[in-house]
Amino acid sequence: MTEMGSAEKDLKTAADIVTEYDLTLTAEEVAEVIKLLGREPSKTEAFIFDVAWSEHCSYKSSRWALKRYLPTTASNVVLGPGEDAGVVRVFRENGVGKCIAVAHESHNHPSQVLPVEGAATGIGGIVRDVYCMGADVVGCLDPLRFGDPEGDHGHRTRSIARGVVDGIWRYANPIGVPNLGGDVYFDSCYDDNCLVNVIALGIVDEDKIVRSAVPRIAHDVHYFIMVVGKPTDDTGVGGASFASAVLDDEAEESKSAVQVHDPFLKRVLTVANKEMLRRARERGIEIGWKDTGAGGLAGATSELAAAGDLGAKIYLDRVPLAINGLPPEIIAVAETQERYVAAIPAFFADEFTEIYNEIYDLPRVFPGACAAVIGEITRELEYEMIHGEEVVASIPLDALTTGPAYKRPTVPASPPIEPEGPQPVPGEPGKTLLQLLATPNVCSRRPVFDHYDKNVQGNAVIEAGESDAGVIAPWHGSRRAVAAAADGNPFITRLDPYAGGAHAVLEAVRNVVAVGTTPICITDCLNFGSPEEPEVMWSFVEAVRGIGDACRAVGLRGSDGEPLPIVSGNVSFYNQSETGAAVYPTPVVCVFGYIDDIDRATAGYLQFPDNALYLIGRRWGEMGASAAYRLDGRWGTPAPRPRFEDERLMLQVVLEVNETLLNASCHDISDGGLAVCLAEMVMGPSGAGQLGAEIDLTDVIDDNEPEEIYKALFCENGGYVVEMNQGCEYAAELIFEAAGVDWWRIGTVIDDPRLVVYMDGKPVISETVESLAEPWAGGLRELF
């Protein structure tokens, strides 16, 4: 009988540990843990590694692609990926950099299982990420993806969609954070895996930024580790691991992995945090500050220490508990909401706890809530957890925070299956437009936005739903403003992942440009199926490559060839059911823009009769994955090709006509093509527009065959429709000609609420605002 070697024994032992502790790590990964530690891990250590090495926390399948393809640095970047939030310098005032802090995350699996709680805690976590950078949170966005509300699982989809929207407003509204926008798509690929992405935006002075790291001075000064907020309970246990596994039919059993939110405690914590940070700044005290999110206390405290090149010792019996007798492994990794951890000088600990426990009286706000000393910073690069007299974890920090890395196999994804039978003949354009406006992926999003408080801080310039992007003026007493828009068309990405990744960037860029702001940075959330499936991994790499190429092509305006930087983001894999059905590749991108005078913020709907309307951007007729083709259940080819140089020139001319005060409104062309763009401009944000447009496409379309007219109206190649102020037409045309963009003067604003589109003198679309608004306004009304 052959005796097993050491490696074989370790692998068998590892497999037993995986089974005993119900880990999501593989036996091979646990065998690597055994090798690193030189022994079997304790139960607490096994739980810690299960979280720290999860896909959600370690990016073990995606790190190489992100590093290779995505640009993360530029002259305006103060802090890029690696912190709880990215920080970008927007302008300087009196020698001080005025910055935005932005963060982007997903809360997909929790929202499928418990929609209200999952979405609410997603918002809670993302705003904490920005708060702990020392920033004031001034807005949030929520890109959402749901199943087919009329499909086989329609009842469940509708329940999830309503619960998610309820969760978002029930959290964001009470804490006083306005919603700046988002987007929503519906498709049966999301029946078993809804996607809830969350984005937060804050403002902070550059000299007041707080790092997600133990300060370097802690090498010489004794530092304590503090926890602040709710007492630790057993909710959210394994949340990061839960997010790194396929969602199966036993998802009900995973409800304990979903955290419980408390926005009212969050509001008190936010005020107390500001007071604590104010005192620390006044006294020159350096602190490290971090949200307690994925991985719980173990995740937050180990990352805080490792980022400062130091170690940590945590005393679990000092952690305030909501449930007596919690075992150490639960205390270590539970993802109880509304908690922060801080690294502070030992001499500041009494004042720190006084602020929270006495001045702001946290124990009375929520039973057991408080600030407490739970550990200390050490010079040895070791992470220890002690429970009573027992050392339950002793781990080299580099082993914990690095984790494994994989470059998984890739195989080009199979194209989507087309319906059998002859291709349908293009329909009558007016009828097609009305059908599109009624679909859930094109109709008004107002039934969603109306749940949210969009101006709770009183700084809204353009509210969510009023234009292509939300615009706020968050610096009090200043006319400067920022815009934000989130986009990502999953149908294009399913057909062509590279094009879909690029178009996610390009559409979000067009949206912030359309309202008059210059793109300054980007965040992303990459939602895919299992990376262990070669087709999924290929789609992921292609989408990431497209995002990176688009960022480099668009560039940072006014710089010497710098890219538009990606400063924060998230990868969400395993959005896939046990049956093997994965969501479409869904990269979601948020672009932030800046404008130095709110008077130039531009509406997305018609403003004045007799103004000229211009089309910027050629209609290439690439109908693949278009909303019009999907009316007939077909995909078509090709997907719209990303034309980077065209996009760069278009955004330059649109910004230039804005800066010279030539335009009155602007709308980007995307879902539904030119026809939907024009319809939305005449309807306005509420569907009650009082103006109309007469459009002539004779010069735009080379061939007046019905199919070519159809493609020109409904292809989703990027572009803009710009309304020019009277008397400014010649100046605008000079700008267009000098830049070399494709442009046409296509019509006029009329004092009559209707849309008429002509081709060779014959109307191909003739609809009143009322007839357009009826299907458009009602598409989501019943659902929400």
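Helices (H or I, at least four residues) and strands (E, at least two) are DSSP runs, numbered from the N terminus. I work from a predicted model, where local features need pLDDT of at least 70, side-chain atom pairs count only at pLDDT 80 or more, and totals for chains, interfaces and linings use all residues. Residues are numbered from 1 along each chain as its sequence is written, and side-chain values use heavy atoms, with hydrogens and water left out.

**Entry: G779**

I looked up G779. It sits in the segment after helix 26 (769-778). Is G779 buried or exposed, or partly exposed? I use these cut-offs: buried is under 20% relative accessible area, exposed is over 50%, and partly exposed is in between (1.4 Å probe, protein chains only). G779 has 27%, so I call it partly exposed.

Which residues does G779 touch, leaving out those up to four places away in sequence? They are A438 and C443, where contact means heavy atoms within 4.5 Å. I also checked S444. It is 335 residues from G779 in sequence, yet their C-alpha atoms are 6.9 Å apart in space.

**Entry: Q112**

Q112 belongs to helix 6 (residues 108-113). Its relative accessible area is 12%, so I note Q112 as buried. I then looked for polar partners of its side chain. A polar contact is a pair of N or O atoms within 3.5 Å; within protein, one must be able to donate a hydrogen and the other to accept it, and residues adjacent in sequence count only if both atoms are side-chain atoms. A polar atom of the Q112 side chain lies 2.8 Å from the backbone nitrogen of C194. The backbone oxygen of D192 is 3.5 Å from a polar atom of that side chain.

**Entry: helix 11**

I checked the length of helix 11 (residues 296-307).

Why do I call helix 11 largely enclosed by the rest of the structure? Because nine of its twelve residues are buried. Among them are G296, L297, A298 and G299. Just after the helix, D309 takes a positive phi of about 60°.

Most residues other than glycine have a negative phi, and most peptide bonds are trans. I listed some exceptions.

- Y59 is not a glycine, but its phi is positive, about 55°. I found Y59 in the loop between helix 4 (55-58) and helix 5 (63-69). Its relative accessibility is 19%, so Y59 counts as buried.
- E338 has a positive phi near 60°. E338 is in the loop between helix 12 (328-333) and strand 12 (339-345). With 0% relative accessibility, E338 counts as buried.
- The peptide bond from T637 to P638 is cis, and its omega is near -5°. P638 is in the loop between helix 21 (627-630) and helix 22 (644-659).

**Entry: empty space**

Rolling a probe the size of a water molecule over the atoms shows where empty space is left. On a 1 Å grid over the protein atoms alone, a cavity is a set of points where a 1.4 Å probe fits but cannot get out, and a pocket is an open set with protein on both sides within 12 Å along at least five of seven lines; lining residues have an atom within 4 Å of a point. Grid points are joined across faces, edges and corners, and a volume is the space filled by probe spheres set on the points.

I looked at the second largest pocket. It holds about 870 Å³ of space. Its lining has 44 residues, and R445, F449, G465, S467 and E680 lie nearest the centre. Elements giving two or more residues to this lining include helix 17 (446-449), helix 19 (497-514) and helix 23 (673-683).

How many cavities of 30 Å³ or more does the structure hold? I note three. The largest cavity has a volume of about 70 Å³. Residues lining the largest cavity include H503, E507 and R510. Helix 19 gives the most to that lining, with three residues.

The second largest cavity has about 50 Å³ of space. R445, F449 and Y452 are among the residues that line this cavity.
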